[in-house]
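I opened this entry to go through the model piece by piece. The notes follow the order in which I looked things up.

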Amino acid sequence: MNAVQRREAPSSAQAVAELLASCDRAGEQVQVAGGGTLSGMGYPPERLDVTLSTAALTGIVANERADLVIAAQGGTTIRDIVNLLATQSQFVPFDAPRAQYATVGGTLAAGWLGPRRHRYGRVRDYLIGSTIVLADGTIAKAGGMVVKNVAGYDMSRLYVGSFGTLGVLVQANFKTIPRPPHARLFLAPLPEGTRDRACGQLAALRVAPAAAFWVDGFNAIDGEDGDEGRVVVLLEGSDALLERATLELRSALGRAGVPQTHVIDAGAHEGFERVVDAYIACLGERSVTYRLYPPPDAATGSALRLHEALREFGLRGETIVDVMNGDVVLRVSDLDPHALGAKIEQFDDALHAVEPAAQVVAGEHPNRPYLRVWGVPPASIERMRELKTRFDPNRTLNPGCFIGGI
Amino acid sequence: MPRKNTALPNHSAAVIVKRPPKAMAMLRERLVEALGSDAVKTAPEDLAVYAFDAYTDGGLPSAVVLPSSTRDVSAIVKIARDCGEPIVARGAGTGLCGGAVPLEGGIVVSFARMNRVIELDERNRRVRVQPGLINLALSREVANLGLFYAPDPSSQQISTIGGNIATNAGGPHCLSYGTTINHVLGLEIVDAVGEVFETSIDAAGYDLTAAFVGSEGTLGIVTSAWVRLMALPESVRVWVAAFDDIESASEAVSAIIAAGILPTALEMMDAVITHAVEAAFHAGYPTDAAAVLLIENAGFHEDVEASESEIHALVSANGARSWRSARTKAERDVLWAGRKSAAGATGRIAPNYYTQDVCVPRSRLPRALHAVGDAARENGITVGNVFHAGDGNLHPLLMYDKRDRKQVAAVIETGNQILQSAIDLGGTISGEHGIGWEKREAMTRVYSTADLAVMARVRDVFDPIRMLNPEKIFPAGARCPEVIPS
């Protein structure tokens, strides 16, 4: 083992390949680092000799505006791509937290799922091509710059969510879609007894919102909690559509017994981004944040049951429920990190007994490595291990960081 | 030098693999024991029906089986393994690249009896289906709930969800809704040793769903799938724009996309096709135009209405000489029926046709179409173009008579030139039909040996002994790539 850890920031696919091949041969283990925004996901590496930063792998490789496709290097920030696309009235629904730091490679490797996916689809479905460097230094391309391509296996999508354990993503090609011209954010505190009806109404709106959340806690998100938290709703579309959607939304919330709504037009997206940022906002060593994916109609119920469980453990719970997709973000905290440490492992057991797929997405508590941060491994885990072995037999890349200790 | 395709319908050497009679009897006996005699076919006249797809003839399989359950499929795989027989999973056999064709004996697994909806979850807009369910049957089944299944290959009246998953099938509406992979939420798979496992796109771990969709039956056998349903749009408009030349029509397509408008479907047909369609179906396409665009936009009233004037202005600026809006659902349906039956309608032009399937960057559509015309002219072949213009996905239909060897040679050459021109324009060798057996040698034209070896690593995980649809996707030269670094 090397006594000294080192950090490298190669600036080309070739340089990444040379670095990885040399580490692979020397038996050095490599952690791949993007913007560090999702460092609360996964297990810490078993051993760390080299940190491979993608900070020097930045920039737009191709911007075929008229084709609605764009290609960027892996270390490019999401903010840079989103801003460039906005100037062309285009977008890709990355919805990555802390987009000014989050990188394309990191966001894809983490398999980040954004709240607008029910409306616009998953980021993986925008990925039309990729270049990846394997642990042995092989540079492999998949897909291309065309929007439909079934030539061979869909390797690009396989890398999404692989947490950098199959290879280092050095380039990603995306198709884009027209950017909705207008956005409007609604905030409404929920009085006693309105939560279930409000969430039910939101999920059933004829003009489906771009995103709709039930929030309980999370002060950094706009709006104030009522007796049963608050709802935050993002509408997107043309002026005419927003007018109709606004009327429909107000009337639906009215029927649910929600009297007041606060509307934000200027800064609607910034408000939405504060919700997305909150998914991974941690309170240092005083919190652990879980994310789980029940079906939409079961999401609020799951969140409430978990709150109940937390009360029994004497822990504080804050929640974001994505009403449209059915995912639940649960931030578990205690003002005293020691108290959290004493209870969190037991809570983790109790949680996974009812929600086996719950993952940890944020939190700096030292006990985090002892939690089931990827949830209970699925029955296909042995096949996943085999896949890892085929791609990275020496376990050079992010060893032990992924599900089942892959 | 790139290898050239040498295959066309009926011109592959039909392989008849001679197995010792004793071995065949043993295979039959074991299959019958596991599945019952009515689910096992071994008579040559029965086998012949499963020796081809919509592209080509392969060889006679050793047996055809019709499982009724996942357990049956698992038993079949174990028997196949014991007997050294490859397995070819088969939906409706509408594939256009020889993907479902057995080449060297083997067991064809037909999903004709596994064709049911298993579980409908209306509130969460998802449904679990067996692989043999016909694509359109699913949309019909959920229509009364205001839902539909979006992928709509032209074969959707007969092709199956399982076959669609194997090829990652597209269709006209994937311009807006995406191809099959965007709609598969999870799979149940029988692997190469007969074990069953499940995948889910929401679970942590590698996205095995993504690896399996489009893998053409080479990684495992899908025995059920959770797929996404979508809400039927509240408003649908269909327009037909006519042009005096195909270049203007393709320029109009590029202009619509470049303006940042993504209609639900944006299809083009040239005069060869509209004539054939009108003669066969009287769908209502103008026959005096060199090319027509069939444009659909669906969604919210306000947006669909606003898009009409924008799209109309763009096609007019690019030389459209007429613009018609379908007034009723019946009018829309007949236009779509004509479009989706276009390939069949070409039977009036020539006894046989070969469909090429390439995809190019959308702004290069005019150049790609030009290249198609040049290749056809140079080889003396009649070509009809009917395709997903908005995606840059071309489908030139090359008309010929398979009894004429010269025409066959000319079609092969034309197909190759079209393939090469698409690659030269930065495109790919298949947009939505798959690689199968037809295009496997052409894989080396778009991927390096290293790229292909990385794909082979995935296959080695799931099918190290190459018993699942062998001889497909990978070029023959990459049959046994050395992929594990020593």
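This is a predicted model: local features need pLDDT of at least 70, side-chain atom pairs count only at pLDDT 80 or more; totals for chains, interfaces and linings use all residues.

**Entry 1, the interface.** How many residues of chain A are in contact with chain B? I find 61 residues of chain A in contact with 66 residues of chain B. I then looked up which elements give two or more residues to the chain A side, and they are β8 (139–143), α5 (155–159), β10 (177–178), α7 (239–255) and α11 (381–391) of chain A. The most comes from α11(A), with 7 residues. By residue class, I get 33 nonpolar, 14 polar and 14 charged on the side of chain A that touches chain B.

**Entry 2, confidence.** I read off ipTM 0.97 and pTM 0.96 for the model. For chain B the mean pLDDT is 92, and 94% of its residues reach 70 or more. Where does pLDDT stay under 50 in chain B? I noted residues 1–7, for which the model has 18 contacts beyond four places in sequence. I also noted residues 9–14 of chain B, again under 50, with 13 contacts beyond four places in sequence.

**Entry 4, a hairpin in chain A.** Strands β4 (residues 60–64) and β5 (residues 69–73) of chain A run antiparallel and are joined by 4 bridges. Within this pair, Ala62(A) stands opposite Ala71(A) in β5(A). The two strands form a hairpin with 4 residues between them. I checked the turn and found that Leu68(A) has a positive phi of about 55 degrees.

Is Leu229(B) buried or exposed? I count Leu229(B) as buried because it has 22 C-beta neighbours inside 10 Å, and the cut-off for buried is 20 or more. Leaving aside neighbours within four places in sequence, Leu229(B) is in contact with Arg125(B), Arg126(B), Val127(B), Val142(B), Leu147(B), Phe148(B) and Tyr149(B). I also looked up Glu198(B): Leu229(B) is 31 residues from Glu198(B) in sequence and 20 Å from it in space, C-alpha to C-alpha.

Notes. Residues are numbered from 1 along each chain as its sequence is written. Chains are lettered from A and ligands numbered from 1 in the order in which they are written. pLDDT is the predictor's confidence in each residue, from 0 to 100. Two residues are in contact if their C-beta atoms, placed from the backbone, lie within 7 Å. A residue is buried if 20 or more other C-beta atoms lie within 10 Å of its own, exposed if 12 or fewer, and partly exposed in between; C-beta atoms are placed from the backbone. Ala, Val, Leu, Ile, Met, Phe, Trp, Tyr, Cys and Pro count as nonpolar, Asp, Glu, Lys and Arg as charged, and the others, Gly among them, as polar. Two strands pair if DSSP finds at least two bridges between them.
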